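Work through the exercises below with the sequence and the structure side by side. Try each task before you read its solution.

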Amino acid sequence: MRLLLFLLTLYLMSCTNAPSKKQAATEQLSAAPHDDHSYANLEQINTKHLHLDLEVDFESQTIYGIARHQMKNKGADTAIFDVKGLLIQKVTLGKKGAEKETDFMIGPMDKDSIIGQALLVNVDSKTTDVNIYYQTTENSGALDWLDTNLTSSKTKPFLYTQGQAILTRTWIPLQDSPSNRITYSADVKVPSDLLALMSAENPTKLHANGLYHFEMPKAIPSYLIALAVGDIGFKDLGQHCGVYAEKELLNQCAQEFEDLPQMMRVAEKLYGAYQWGRYDVLVLPYSFPFGGMENPMLTFANPTLLTGDKSLVSVVAHELAHSWSGNLVTNHSWSDLWLNEGTTVYFEQRIMEALRGKEIADILAQVEFGELQQTLAEMAADSSLQDSKLHLDLVNRDPDIAMSDIAYVKGAFFFKTLEQAVGRKQLDAFLNSYFQHFAYRTITADRFIDYLEQELLAKTGADFNYREWIFQPGIPKNCVSINAPRLDKIQLFAKEFNAGTNPFKPKVKYKWIRKNGKRRKIKQRITIQYTDYLIQEWQLFIRALDPKTKIARLAALDQQFHFSQTQNSEILCDWFVLAAQSNYIFKIETPLRSFLMKIGRRKFVLPIYQALMKSPEGQKLAKRIFNDAKNNYHSVTRSSVWKVINAKD
Ligand SMILES: [Zn+2]
């Protein structure tokens, strides 16, 4: 059954025996799609429950699967699914054991191959069960197959999936639109020495036969279906929270995330009971392209969060917050990603405020605001300011465009400004009722506005320029400003450094002490240490430095604080970006190279390549490193970097 030739023959036979309904189906295709990024005819027929029978084969790096769709049919004669990079073997109708093969057709690849292809299946008006037999290919972009050398164990391989935004269709044939929520179950076969986990109820121990059954009884959007397979261990953290990781990293993860139960208490106190049962975090290998991915019940997290000092746990607060904003109440299409992310960043900041205090939360927010301003400046420079609206026009465009500081940070400042306008108590009451009212549903900007007007603005009598925030580019004038005095000091350091002096020169101070009954004056040398400031404060300092700083001064700074040697990826990224703007980067080529070879998180990798591409010598270095590192990256990161490296200016 697995022979490529046989599958190809079946595939071609099905295509050439294309049904007489081809024309009708094509007409349906040209009708206005339900979602700009899906072909699915959800209005006529839509999946309610999906059962997956999967076999994960590491040798051929292939998943062999049957996607069993239980559908609600309003009299459709064609069911349309999304596929990309999949080999469809056959399609049957009916319950397991009483299946009958049916005709299907695969439409052409869309022009820019963004949304993939439509899979059109002949059904009759009473069909409720459609079973698609398929296998993944090397073009299944959601899948990251890691050879043993890319894992911590170095002896066992690893596989994980990344579905958001529209990659689930590259490993499962399905109606891949967030507007359709489904429940799912799965029977997964993996090698007997590896553990399988999904965004569902999970095992904590290896099953000797390599067979795992999963249930996600709550309706979720398709981008949240996720799978990971590897030499993974589990540690319980109490209060229905725990961590999964490759065994070598397990203790470190448990320590870094030990505050999870406390975070959960804070989150529930803010916006109501957690709805998903357990909350576990799976720390993935280093190629994972994002900081975290909010797969329900099992957040996928990047190992760069393991700093040993909990300095980056706000990412986990963010993913936990998604259990309400995003997973419970979901953007109807990717044009309103801000409804997932802006709400979540605001929620994350509230969790951090409760855990670490207002001063720290304000610093984190202010650093993010600086990033937003930088993004806006770049958008202004390349005439893409239209994309600084919260609600985006993404027709014929890659939904990844929406994953910028606009959805996240401008979105969060929308809620912060709203908080200032109506008061925290009122906003919290509104968000509580919002999460309850729209639980397990999807939401558009229009629906959000209706609810905002009725449930918050009418009740408080507040006047708020939400239309300007949502539908106009840039940041409205009434945007709340944050007062973070500690950051002023950091800015002052940067100013002094840029003016040619070293603000970190040891300072001499005199102090009176009493010894043997006598007063004596002693001399003290005060030296600023790396640990005296938050990671975010150092980031702000580095970002404010003049890129034209002489190499010798950068080297002296590096020697004092060891930026090139730190284990913290946030600092490393900013330092490499600064260094790449001068020839200093060639002095620290070794740590740069090992960073880009190991880390696959797009947020870090992409800006470094962008900075390198600004000079001819940097371009050569970027191309050389990318050539060696590209197979260590997930397709999400690989394709983003590829575009930067091959961009025509
Ligand atoms: Zn998020």
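**Exercise 1. Find the bridge partner of Val283 in strand 19, then place its sheet.**

Step 1. Val283 has Ala301 as its bridge partner in strand 19. Helices (H or I, at least four residues) and strands (E, at least two) are DSSP runs, numbered from the N terminus.

Step 2. Look at the two strands. Strand 17 (residues 279-283) and strand 19 (residues 298-301) are parallel, with four bridges. Two strands pair if DSSP finds at least two bridges between them.

Step 3. Contact means heavy atoms within 4.5 Å.

A note on the model: it is predicted, so local features need pLDDT of at least 70 and side-chain atom pairs count only at pLDDT 80 or more, while totals for chains, interfaces and linings use all residues. Residues are numbered from 1 along each chain as its sequence is written, and side-chain values use heavy atoms, with hydrogens and water left out.

**Exercise 2. Which strands stand at the edges of the seven-stranded sheet, each with a single partner strand?**

Step 1. Write the order: 5-4-8-2-1-11-13. The sheet is open and its pairing is mixed.

Step 2. Read off the edges. Strand 5 (100-102) and strand 13 (211-221) each have a single partner strand, so one side of each has no neighbour in the sheet.

Step 3. Zoom in on one pair. Strand 4 (residues 86-93) and strand 8 (residues 129-136) are antiparallel, with seven bridges. Leu93 has Val130 as its bridge partner in strand 8.

**Exercise 3. Lys310 and Glu258 form a salt bridge. Where in the chain do Lys310 and Glu258 lie?**

Step 1. Apply the rule. A salt bridge is a side-chain nitrogen of Lys or Arg within 4 Å of a carboxyl oxygen of Asp or Glu. For Lys310 and Glu258 the N to O distance is 2.7 Å. The rule gives 28 salt bridges.

Step 2. Locate the partners. Lys310 is in the loop between strand 19 and helix 5. Glu258 is in the loop between helix 3 (250-256) and helix 4. The two are 52 residues apart.

Step 3. Judge exposure. Buried means under 20% relative accessible area, exposed over 50%, partly exposed in between (1.4 Å probe, protein chains only). Lys310 is at 19%, so it counts as buried. Glu258 is at 42%, so it counts as partly exposed.

Step 4. Lys620 and Glu617 form a salt bridge at 3.2 Å, N to O. Both lie in helix 18 (residues 616-629), three residues apart, about one turn of the helix.

**Exercise 4. Which residues of helix 16 are buried?**

Step 1. List them: Pro591, Leu592, Phe595 and Leu596, in helix 16 (residues 589-598).

Step 2. Find their side. They cover an arc of only 130° around the axis, so they sit on the same side of helix 16. The arc is that of the directions from the helix axis to the C-beta atoms.

Step 3. Find the cover. It includes helix 15 (569-579), helix 17 (602-612) and helix 18.

**Exercise 5. How many residues of strand 23 are buried?**

Step 1. Count. Of the nine residues of strand 23 (residues 518-526), zero are buried, so the strand lies largely in the open.

Step 2. Find its partner. Strand 22 (residues 507-515) runs antiparallel to strand 23, joined by nine bridges. Lys507 has Ile526 as its bridge partner.

Step 3. Inspect the turn. The hairpin has two residues between the strands, and Asn516 takes a positive phi near 50°.
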